[in-house]
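Open your viewer and settle in for a short walk.

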Amino acid sequence: MSKLLIIDDEKDLCLMFQKIFQEEGHSVVTATTGQEGIAKSRADQPDLIFLDLKMPSMDGTTCLKKLRLVSKVSKIVGLTGYGTLKTAKEALLLGAYDYTSKPFDLDLI
């Protein structure tokens, strides 16, 4: 069983991910702000983090940089509805494991 953290300002998306992954036997924690996600990552040290790259108050790029400081072993997958090649490249250069655009195929996730 893996520990997952979902960081996205869309509560419904967090709940959907939580339901899907818990049904698969994983432990899932959610956060709706970057600050909350960083705190939960520090406390829980998840194996995998899904991170929205476009959030209010703290953008995903800033959050990604801070997550890398507190959760060095977690794999981070960037999620965004505003995907561009530049955004993807930036996320990967900052330490993201992978990147996908919204809407996405749940089977792919």
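This is a predicted model: local features need pLDDT of at least 70, side-chain atom pairs count only at pLDDT 80 or more; totals for chains, interfaces and linings use all residues.

## The overall fold

Next, switch to a cartoon view. The protein chain holds four helices and five strands. Follow them from the N terminus, and the order reads β-α-β-α-β-α-β-α-β.

Now show contacts between residues at least 6 apart in sequence: 61% of these join residues at least 24 apart.

## Surface and charges

The accessible area of the protein chain is about 6200 Å², and carbon and sulfur atoms account for 54% of it. Of the 109 residues, 42% are buried.

Then colour by charge. There are 14 positive and 15 negative charges, and their mean positions lie 9 Å apart.

## The cysteines

Finally, select Cys-14 and Cys-63. How many disulfides are there? The count is zero, with a disulfide taken as two cysteine sulfur atoms within 2.5 Å. For Cys-14, the nearest cysteine sulfur is that of Cys-63, 12 Å away. Looking back from Cys-63, the nearest cysteine sulfur is that of Cys-14.

Are these side chains buried or exposed? Cys-14 counts as buried because its relative accessibility is 2%, under the 20% cut-off. Cys-63 is buried too, with a relative accessible area of 0%.

Methods. Residues are numbered from 1 along each chain as its sequence is written. Side-chain values use heavy atoms; hydrogens and water are left out. Buried means under 20% relative accessible area, exposed over 50%, partly exposed in between (1.4 Å probe, protein chains only). Helices (H or I, at least four residues) and strands (E, at least two) are DSSP runs, numbered from the N terminus. Contact means heavy atoms within 4.5 Å. Accessible areas come from the Shrake-Rupley method with a 1.4 Å probe; for residues, only the protein chains shown count as cover. Lys and Arg count as positive and Asp and Glu as negative; His and the chain ends are not counted. The place of a charge is taken as NZ of Lys, CZ of Arg, CG of Asp or CD of Glu.
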